Amino acid sequence: MTLSSTALLTWYDRNRRALPWRALPGHPADPYHVWISEIMLQQTTVTAVIPYYQRFLERFPTLEALAAAPVDDVLVLWAGLGYYSRARNLHRCAGIVAENGGFPRDVESLRALPGIGPYTAAAIAAIAFGIPVIPVDGNVERVTARVFAIEAPLPGSRKLLATQAATLNREKAAQARPSDFAQALFDLGAGICTPRSPACVLCPWQGGCAAQKSGIQALLPRRAPKGDRPARYGVHFLLIDDAGRLLMRKRPPSGLLGGTVELPGTEWLCALWNREDAFIHAPFSDRPAGKTGRIRWEAAGEIKHVFTHFSLSVAVYAARLPVMPNPDDRDGFLVRADELQKNALSSLMRKCVETGLDFIGAAGRDGDPPSKKSGTMRNVKLTEGEGA
DNA sequence: GAGGCGTGGAA
DNA sequence: TTTCCAAGCCT
């Protein structure tokens, strides 16, 4: 009774966020825009998504433009955003939906498309097509756990939370505005019912919140303790010639960082590499030293990177050659340093390349000892600037 | 169904 | 520094 849909919608009408993918109040949303934004927002913050969304829509203004593009072009626009299977599924999905002449307008058919799970199917259905369902994301789980004081820990409580969340839009006011109601719950979770210190005094549902009544709102939702993150180690090699060309290679099309471009290197194992074993994986190590002579590798730095399920430490070695040997398919391919932004570099590899180039740049200047954090990336642009 | 799958900002 | 975690999906 006190979880009034009207109260929530009124709050939303006054406090809704203006977001690039959001239609203006009272206007219908574009399913293509909603879909792109929802895929990008999976496990990703709004702040991180906004610049990617803008660039993506400039490059692929329509579903047809996206469907017609090579998947590698999509990955270039996605590089740095993480969870790269999203980009591959997005591209597959575009082909299917364009072939069908548009998005299906029901939850079940949406759910069947690649990259669209229960949450995203409900989100598109509600936001773009006005179907009265509640997409259950982290925000909605948190709000639901609190208003009903559900103390069972995630992720075990997920099913229960979804069941309870589905009861939130029973009133007529919610049924009349499914798109706004769903987004109102997002904005409530993002701005008021926040994870750490919820602003209950500002909450349109404070009178009906069971957790707030007993003062446990900041403790919910509970979560089961997560396991430790194991450490892994790798070695990567930056080789550059006097023409400013780097040797790079492409990772397998699926799996970790699938389809992205990387510096050649070792596997990532749970133990530190010794120098001898690591250098078996250095470029051209299996070739007789030709007229270029032996490659003189130098330690350029160490990169720490954290993935969801392990942390990684990469030793970067760098070397400069007058003339690059001709790479074969196993070696990889050459990329001009000033055209790196045309390749899909993960954030990890962007850091590795930056470290290697910084080292080469500093070491290359006569008598200049390589210094850490010298920031000598003149003329080399690794990311598409936003104009800041 | 449990684990693989990125990243960067905030506290 | 460490920990948490953000509009989850796939196998």
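**View 1. The two domains of chain A in the predicted model.** The domain assignment divides chain A into domain 1, which covers residues 5-219, and domain 2, which covers residues 231-364. Between the C-alpha centres of domain 1 and domain 2 there is a separation of 38 Å, and the contact draws on 9 residues from domain 1 and 11 residues from domain 2.

**View 2. The side of domain 1 that touches domain 2.** Both α5 (71-78) and α6 (85-99) supply at least two residues each to this side of domain 1, and α5 gives the most, with 4 residues. Sorted by class, the residues on the side of domain 1 that touches domain 2 are 5 nonpolar, 2 polar and 2 charged.

**View 3. The surface near DNA strand B.** Around DNA strand B there are 20 residues, of which Gly82, Leu256, Thr308, Ser346 and Ser347 come nearest.

**View 4. The packing of helix α2 against helix α8.** Helix α2 (residues 31-40) packs with helix α8 (residues 118-129) at an angle of about 145°, the two axes lying 10 Å apart, and the crossing of α2 and α8 is right-handed. From α2, the residues Pro31, Val34, Trp35, Glu38 and Ile39 meet Thr120, Ala123, Ile124, Ile127 and Ala128 of α8. By class, the contact of α2 with α8 consists of 8 nonpolar residues, 1 polar residue and 1 charged residue.

Notes. Residues numbered from 1 in each chain as written. Chains lettered and ligands numbered in written order. Predicted model: local features only at pLDDT ≥ 70, side-chain atom pairs only at ≥ 80, totals over all residues. Domains from an automatic or database assignment. Contact = placed C-beta atoms within 7 Å. Nonpolar A, V, L, I, M, F, W, Y, C, P; charged D, E, K, R; others polar. Near = placed C-beta within 6 Å. Axes fitted to C-alpha atoms, helices over the stretch in contact; angles between N-to-C directions. Left-handed = near helix turned anticlockwise from the far one by under 90°.
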